[in-house]
Amino acid sequence: MFKVALKNILGHKLRTLFTALAIALGVGFMAGTFVLTDTMQKAFDELFSDIGADIDAVVQGKAPFEADTQQGDTARPDIDAALVDDVRQVEGVAEAEPVVFTLAWVLDADGDTIAQGGAPSFGTNWTGVPEIDVFTIEEGEPPTGATGAVLDEATVDKAGFAVGDQFQVQTTSGVVDLTLQGVVTFGETGSLAGASIVALDTPAALDLFSTSGKVQNISVVGDDGVSQQQLVDRIADVLPDTAEVITGEQSIDDQTESIQEGIGIFRQVLTYIGLISLIAGAFLIYNTFGIIIGQRLRELALLRALGSSRRQVLTSVLGESVITGVLASLLGLVGGIALAYGMLALLSAFGLELPDTLPVVTPRTIITSLVVGVGITVFSSLAPAIRGSRIPPIAALREQAVESPGRSTVRLVVGVVLTLIGVGSMVAGATSGEVAPAASGMIGLFAGVIVLGPFLVPVLVGVLGFPLRVLGLPGALGRDNSRRNPKRSASTAAALMLAVTIITFIAVSTLSFTSAFNSSTDKLLLADLEITSGFVPTLGPALVDTLAEQPEVGAVTGVQQGSIEIEGTVRNVYGVRPSTVEQIFDLDGVEGDLAGMGSDGIAIDRETADDDALGIGDELAVTLPDGTEQTMAVAAIYEDGGIVAQNSDGHYLVSEEVFRDHFPESAQTLNRVDVKAADGVSPEELRTVVEGAAEDFPSAEVRDKEQIKEANNNQLLVTLGFLFVLLGLALVIGALGVAITLALSVFERTREIGLLRSVGATRSQLAVSITAESLLLAALGTVLGLAIGIAGAAAVVQSQSDLIPSLSVRVPIWFVIVVFVVANLIGLVASLIPGWRAARMDVLKAVTHE
Amino acid sequence: MTDAVTAAPTIVARAEKATKYYGFGDTAVCALAEVDVAIEGGRFTAIMGPSGSGKSTLMHCLAGLDTLTSGRVLIGDTDLSTLSDKQLTLLRRERVGFIFQAFNLIPTLTAQENITLPALLGGKDTDTAWLDQVVGTVGLGDRLTHRPSELSGGQQQRVAVARALAQRPEIVFADEPTGNLDSRASSEILGFMQAAVRDTGQTIVMVTHEPTAAAYADRVLFLADGRIVDQIDGPTAETVLDKLKSLGD
């Protein structure tokens, strides 16, 4: 029976290829993701191992609480550089050096940053201890004195500097003039994953790169014969409560782990996208095998009549799917590795150069690809295979095999129940303000619609097919053909429906949120201009002070973000200038004295106050990132802080002093500074002043409200573009599904096509009828996907409408049009091969086809 | 009626030295060997012959469904070998009617739509009065909105006959039109075809292997081994059967 399977595959090469391609795309995406992330992981692992290889112990600030913020572990405090003297006294310590590591940008002759596209730029110190310095001098001398510096080779090459040149570096507190004394390289690549590095002699680095005089850690090299653990134990004894010491190995692990987490999220997102493609592929496989079984009904019945057992028939069909699955997985695996190569090249083109590492293809990647690819293929063909094995031998003698229309009562009941559960859950989520039931309800609705497909198709085709009248009889034929087998049409449209549902859901919800953000920017942002540094906060706190001194500036505040522990729970807090915050942000009413909030005061929003039964003057026990434990009194209660927090939470506000005094260097920088003009100052005048001040910060952008909204919209378009590209894969699989179904249907209707041709249908009329059918199938998936996606987004948006004022569902007509155009293109492309096949069919052969 | 037979008949379709080989070289099989035949207008011509005699091939070539290896076929004055696929298609749509043994109808279209299919394909209106007459003749009046699956085999063939006649084509080709029908339905269908020839001067060419069917024709052509070997005018089932027997010997 295996031979039968093999012959079937060889006999239908194009069909097998298309079917395999659907799975191969999903597997390829998944394998590519694995290879890419494994390669990145390995590159970073090697990087950190190289950097820390000779360091035996690391002294660092002790985090008073575990914080999990977007900017990473900002809760770990910096430590006093003076601590190094105590560490050096410890027995077994050969070398101990303080290490400064902060943001610093090297500027070219025009004052622009050399590192482009958000590549990291760091300032650090040159310790002169080879085991601790991660770089080696390639050219020139190590840095000396207050202004001597070394730069990494890549940066020197880009800027065209030579040893002895004067150059400028932008730190978070200002621009400094330095002299290039040497060029350093890291390892063999010369670059640290694309980061630009400027290093100064330790005292100079402490002076220029550290605003607080503190350092990020102290690196320790032990004497020979002293184990890392022994060293750690001894150093621990001399440290204050605010510091801790870990082994060099532990330090490498910690750093690797934080990168691993980042890569893990990246991997997860990409894997989900791969999975969506695979599910789309599963629909396609199910449908294809279903049709094939239908067409081979008589052949299978004949086999049964000739004495093969049900098991043998089942094995033969499953055998075919196993071969297809293996083929698809191997194809996907190879494609995935190629994809990873391409992505790595792309990343390096964007400046994120990884150290020379070949793509890493782990056994896990291979095994996962094969298991997932073959598994999904076999699983999807299981139902059709079982159906095939149940064909009675007598079917061989029957004239025409009639495929069941798939409209059983059981199906109707299951479909309606699933739909009702889904809709019910969505409504419950939308009214109760819970996201989870709203989102999972959409999955129920989707499943319900899939099950109800055969019932929905005839109705929808009637409506959607109406415009096809303009195509005359061929259009009508296409329309009639697409509802002739509702079950087949429904499962063909399912793959497209999946992709469209997800795209629509994400697009409509992000559009709605963006539009709400924009309207709150309009209403609640009282500032005239906003300086932003993008995702990574790089604006120095000095910028706020500088602006505050300008006569044209009426009010200014920065917005800092960090975590503190309040009453035992880690909370996200925002640091603002209390005296001006109300002039910049409309908090919708404030009770108490926000402007008077000092370093021991905290402001909370009404919701938090109500939840925790807090009133003005109530005291809260807090732990700050540097370990300080104190009480903070509620100085003010405001109605809504969403505008301060850019529409995230905004439950707690503290004075900028709290950040300045208790937060580590890495949390000192801001990503937003908002400015309001003084009375009588024109927007142009204000802009001139603000842009002048912001010039010190290379990544700063100055925006007015319109530009903020424009930036939001652009960001949205970029997100949607990405989404379309990533989920484009599922769309392609949907198109493949339509093409395969049509090709199989065309084969099935050979006689009919022959008849049409013999009574005078032209080739183009036939092609038009196939295209019409294809467009309808694509439209089916699109319309259902749009409907489900919009319903899901509406439920999710509605569930959040209590939290975000002015949030409502927005379904822009342009989005619907774009989706329709894409769907029609898919329909058009999918019909090309089947249409061509139908059109060029030999009339006589077709009409006499058995 | 009678003057159609006696007056010098017009030739509606003609094959001249029609030769058809299937395959190439040593394995080539000769299906038609320099066949000369003229189909007279307003007459019902049957083509008969044993399996493999080339009767279907002759009809397919006459109808423009198949092409000759050499020789030529004309419908009216049109040499089919000079036509492009598009022109052939239009010829089939406008000047030729077809009735096949089975699978004559498009399952998604109603009986009415199937009957007017060639006109619909050409985007033309059908002559309603004529259509009513044809539909009335084949007795389908109340079945026009039904789909083929809701019709019996005999009714389906009646729809096929109506379609072939509805365009008033120059010539109708019928390929074993009663091959799948019982005797009663067969005689109905053949009766309609005969009536169409007698009453309206329609030209019909029918391939069949049944002597009783051939008896409805005005003239029977006998093919064997790719050649026309004999013919009978005004056949009866008996004369046809006798002739077939003699051919078989």
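**Ground rules.** Residues are numbered from 1 along each chain as its sequence is written, and chains are lettered from A in the order in which they are written. Because this is a predicted model, local features need pLDDT of at least 70 and side-chain atom pairs count only at pLDDT 80 or more, while totals for chains, interfaces and linings use all residues.

**Confidence, chain A.** I started with pLDDT, the predictor's confidence in each residue, from 0 to 100. Chain A averages 84, and 93% of the residues score at least 70. I then went through the elements. Helices (DSSP runs of H or I, at least four residues) and strands (E, at least two) are numbered from the N terminus. Residues 69-73 of chain A fall below 50. Beyond near neighbours in sequence, that stretch has eight contacts in the model. I count a contact when two C-beta atoms, placed from the backbone, lie within 7 Å. Where pLDDT is low, the predicted coordinates should not be read in detail.

**Cores.** Next I looked up the nonpolar cores. A core is a set of buried Ala, Val, Leu, Ile, Met, Phe, Trp, Tyr and Cys residues joined through C-beta atoms within 7 Å. Buried means 20 or more other C-beta atoms within 10 Å of the residue's own, exposed means 12 or fewer, and partly exposed is in between; C-beta atoms are placed from the backbone. The largest core has 273 residues. A:Val59, A:Val220 and B:Met193 touch the most other members. Helix H22 (residues 763-799) of chain A gives the most to this core, 22 residues. I also noted a second, separate core of 55 residues, with A:Leu587 and A:Val654 among them.

Which residues does A:Val220 contact, leaving aside neighbours within four places in sequence? I found A:Val59 on the list, along with others including A:Ile55, A:Val87, A:Leu231 and A:Ile235.

**Chain B overall.** Chain B has 10 helices and 10 strands. I compared its radius of gyration, taken over C-alpha atoms, with the globule rule of 2.2 Å times the number of residues to the power 0.38. For 249 residues a compact globule would come near 18 Å, and chain B has 18 Å, so the two agree. The C-alpha atoms fill a box of roughly 50 × 45 × 40 Å along the principal axes. Of the 249 residues, 48% count as buried.

**Helix H6 of chain B.** Is B:Leu131 buried or exposed? In H6 (residues 128-138), B:Leu131 is buried, as are B:Val134, B:Val135 and B:Val138. They cover an arc of only 95° around the axis, which puts them on the same side of H6(B). The arc is that of the directions from the helix axis to the C-beta atoms. On the other side, B:Ala129, B:Asp132 and B:Gly136 are exposed. The cover over the buried residues includes helix H7 (153-166) and helix H8 (183-200) of chain B. Just after H6(B), B:Gly139 takes a positive phi of about 65°.

**A–B contact.** The contact takes 22 residues from chain B and 21 residues from chain A. On the chain B side, H3 (85-95) and H5 (117-122) each supply at least two residues. H3(B) has the largest share, seven residues.

A:Val829 is found in helix H23 (residues 813-830) of chain A. I put it down as partly exposed because it has 16 C-beta neighbours inside 10 Å.
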